[in-house]
Amino acid sequence: MKRFHVHVSVADLNQAVGFYSTLFDAQPSVLKNDYAKWMLDDPRVNFAISVRGAAPGLAHLGIQVDSAADLQRIADSLGAAGRSVFEQKDEACCYARGDKGWISDPSGISWETFRTFGETTEYGRDAAPQTTVAEVAACCAPQTTAAPKVAESAACCAPTCCDGAKA
């Protein structure tokens with residue numbers, strides 16, 4: 001089973017929690033002093049917000065899956081579409097532990113594919129390279145002879161997770 005994921009950086013967590021709780025007619029399933037998450041069934045979405053130093057707005061999008069096999073199928077599909085996936089195993093992020101892959105779409109929007117298999121008491125921090133959306137777009141953009149490749153590795157295409165500093 002898959003669940004759409006949206007992560008939004010907010011300026012004021014309390015105001016945002018109030019707004020989204022009213023919008024979704026539900027309280028967050030996870031609520032910390034810097035992060036909140038709703039696991040909604042209608043619509044089927046993992047919606048997260050955080051105040052982690054980023055400008056308010058879209059942090060990243062994603063697809064959450066239930067199994068390692070589903071995660072691998074998505075990575076294979078992205079690879080077939082000509083995109084490299086930066087993979088991370090057993091990462092602590094957003095008060096959860098899981099495996100994930102990062103990629104940027106042709107417009108530079110960061111996408112995370114992931115499965116979680118545990119909780120953590122700390123927000124966590126990804127080992128992904130510190131890149132901005134503009135840097136991700138530059139290094140992950142389709143290459144032409146007029147636009148030399150900026151980086152050779154798939155790691156260039158990975159934003160930091162959830163910390164909002166760069167995503």
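Visitor: What is the mean pLDDT of the chain?
Guide: The mean is 76, and 74% of the residues reach 70 or more. pLDDT is the predictor's confidence in each residue, from 0 to 100. This is a predicted model, so local features need pLDDT of at least 70 and side-chain atom pairs count only at pLDDT 80 or more, while totals for chains, interfaces and linings use all residues. Residues are numbered from 1 along each chain as its sequence is written, and side-chain values use heavy atoms, with hydrogens and water left out.

Visitor: Where is confidence lowest, and where highest?
Guide: Helix H3 (residues 133-140) is lowest, at a mean of 38. Strand E2 is highest, at 96. Helices (H or I, at least four residues) and strands (E, at least two) are DSSP runs, numbered from the N terminus.

Visitor: Over which residues does pLDDT stay under 50?
Guide: Residues 126-167. The model has 91 contacts for that stretch beyond four places in sequence. Contact means heavy atoms within 4.5 Å. Where pLDDT is low, the predicted coordinates should not be read in detail.

Visitor: OK, the sheet. What's the strand order?
Guide: E2-E3-E4-E1-E5-E8-E7-E6. The eight strands form an open sheet with mixed pairing. Two strands pair if DSSP finds at least two bridges between them.

Visitor: Which strands stand at the edges?
Guide: E2 (30-31) and E6 (86-93). Each has a single partner strand, so one side of each is left without a neighbour in the sheet.

Visitor: How does E6 pair with E7?
Guide: In the antiparallel sense, over six bridges. E7 covers residues 96-104. Glu87 has Gly101 in E7 as its bridge partner.

Visitor: And E5? Parallel or antiparallel to E1?
Guide: Antiparallel, with eight bridges joining E1 to E5. Val6 stands opposite Leu61 in E5. E5 and E8 run parallel, joined by four bridges. There, Leu61 has Trp111 in E8 as its bridge partner.

Visitor: Which strands does helix H1 lie across?
Guide: E2, E3 (35-41) and E4 (44-50). H1 covers residues 13-24 and runs at about 10° to E3. Axes are lines fitted to C-alpha atoms, for helices over the stretch in contact, and angles run from 0 to 180 degrees between N-to-C directions.

Visitor: What about H2?
Guide: H2 (residues 68-80) lies across E1 (2-9), E5 (57-65), E6, E7 and E8 (110-119). H2 runs at about 165° to E8.

Visitor: Switching to charges. How many salt bridges does a search of the whole structure find?
Guide: Eight. A salt bridge is a side-chain nitrogen of Lys or Arg within 4 Å of a carboxyl oxygen of Asp or Glu.

Visitor: What does Arg52 form a salt bridge with?
Guide: Asp34, with the closest N and O atoms 2.2 Å apart. The pair links distant parts of the chain, 18 residues apart. Arg52 is in the loop between E4 and E5, and Asp34 in the loop between E2 and E3. Asp34 is buried, at 10% relative accessible area. Arg52 is partly exposed, at 28%. Buried means under 20% relative accessible area, exposed over 50%, partly exposed in between (1.4 Å probe, protein chains only).

Visitor: Where does the Arg73 and Asp70 pair sit?
Guide: In helix H2, three residues apart, so about one helical turn separates Arg73 and Asp70. Their closest N and O atoms are 2.3 Å apart in the salt bridge. Asp70 counts as buried, at 14% relative accessibility.

Visitor: And Asp99 with Arg115?
Guide: Their side chains meet in a salt bridge (3.3 Å, N to O). Asp99 is in E7 and Arg115 in E8, 16 residues apart, so that pair also links distant parts of the chain.
Guide: Arg3, Asp41 and Arg44.

Visitor: Is Lys37 buried or exposed?
Guide: Buried, yet Lys37 has no salt bridge. The nearest side chain of opposite charge, Glu119, is 7.1 Å away. Lys and Arg count as positive and Asp and Glu as negative; His and the chain ends are not counted. Lys37 is found in strand E3. Beyond neighbours within four places in sequence, Lys37 is in contact with Pro28, Ser29, Val30, Asn46, Phe47 and Ala48.

Visitor: Last one. Where does Gln88 lie?
Guide: In strand E6. Gln88 is buried, with a relative accessible area of 4%. The C-alpha atoms of Gln88 and Asp99 are separated by 5.7 Å, and the two residues are eleven apart along the chain.
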